[in-house]
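Hi everyone, thanks for coming.

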Amino acid sequence: MCFQNRAAIGFYPAAEYEKQRVVPTFKEFVYQQYLPYAKTYKRSWDQDQNMIELR
């Protein structure tokens, strides 16, 4: 779709960029969401952390 066509229907590139910027990176997700959760129910959470850091 041509840029003029998208602009005509209300496409706003800056808003799309802002939406993508708000999505956390994989590293942020792991340290903020996954590991705190995994520590509460997995005995092997430290192995998960090691594998994530190595890969």
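One thing before I go on: what you're looking at is a predicted model.

Okay, so what do those two rings do? Y37 and Y41 form an aromatic pair. In general, you describe a pair like that by the distance of the ring centres and the angle of the planes. Here the centres of Y37 and Y41 are 4.8 Å apart, and the planes make an angle of 50°, which gets the pair called tilted.

Y41 comes in at 48%, so Y41 is labelled partly exposed.

While we're talking about rings, have a look at W45. The charged end of K39 sits over the W45 ring, 4.6 Å from the ring's centre.

Let me zoom out for a second. The protein has four helices and zero strands. Reading from the N terminus, you get α-α-α-α. There are 55 residues, and 9% of them count as buried. The accessible surface is about 5,100 Å², with 55% of that belonging to carbon and sulfur atoms.

Where is D48? You'll find D48 in helix α4, residues 45-54. Why does D48 count as buried? Because its relative accessibility is 17%, and the cut-off for buried is under 20%.

And who does D48 touch? Leaving out residues up to four places away in sequence, D48 touches Y34 and K42. Let's take those partners one by one. With Y34, the D48 side chain makes a polar contact, side chain to side chain, at 2.7 Å.

With K42, there's a salt bridge. As a general point, side chains of opposite charge can pair when their charged atoms come close. For K42 and D48, the closest N and O atoms are 2.5 Å apart. How many salt bridges does the structure hold? One. The two partners get separate labels, too: D48 is buried at 17%, while K42, at 24% relative accessibility, counts as partly exposed.

Last stop: K27, back in helix α3. K27 has a relative accessible area of 60%, so K27 goes down as exposed. Now find E53, which is 26 residues from K27 along the chain.

Methods:
Residues numbered from 1 in each chain as written. Predicted model: local features only at pLDDT ≥ 70, side-chain atom pairs only at ≥ 80, totals over all residues. Heavy atoms only, no water. Helix = DSSP H or I, 4+ residues; strand = E, 2+ residues; numbered from the N terminus. Buried < 20%, exposed > 50% of the residue type's maximum accessible area, 1.4 Å probe, protein only. Polar contact = N/O pair within 3.5 Å; in protein donor to acceptor, adjacent residues only side chain to side chain. Contact = heavy atoms within 4.5 Å. Phe/Tyr/Trp six-rings, centres within 6.5 Å; stacked < 30°, edge-to-face > 60°. Lys NZ or Arg CZ within 6 Å of the ring centre and 35° of its normal. Areas by Shrake-Rupley, 256 points an atom, 1.4 Å probe, with all protein chains shown as cover. Salt bridge = Lys/Arg side-chain N within 4 Å of Asp/Glu carboxyl O.
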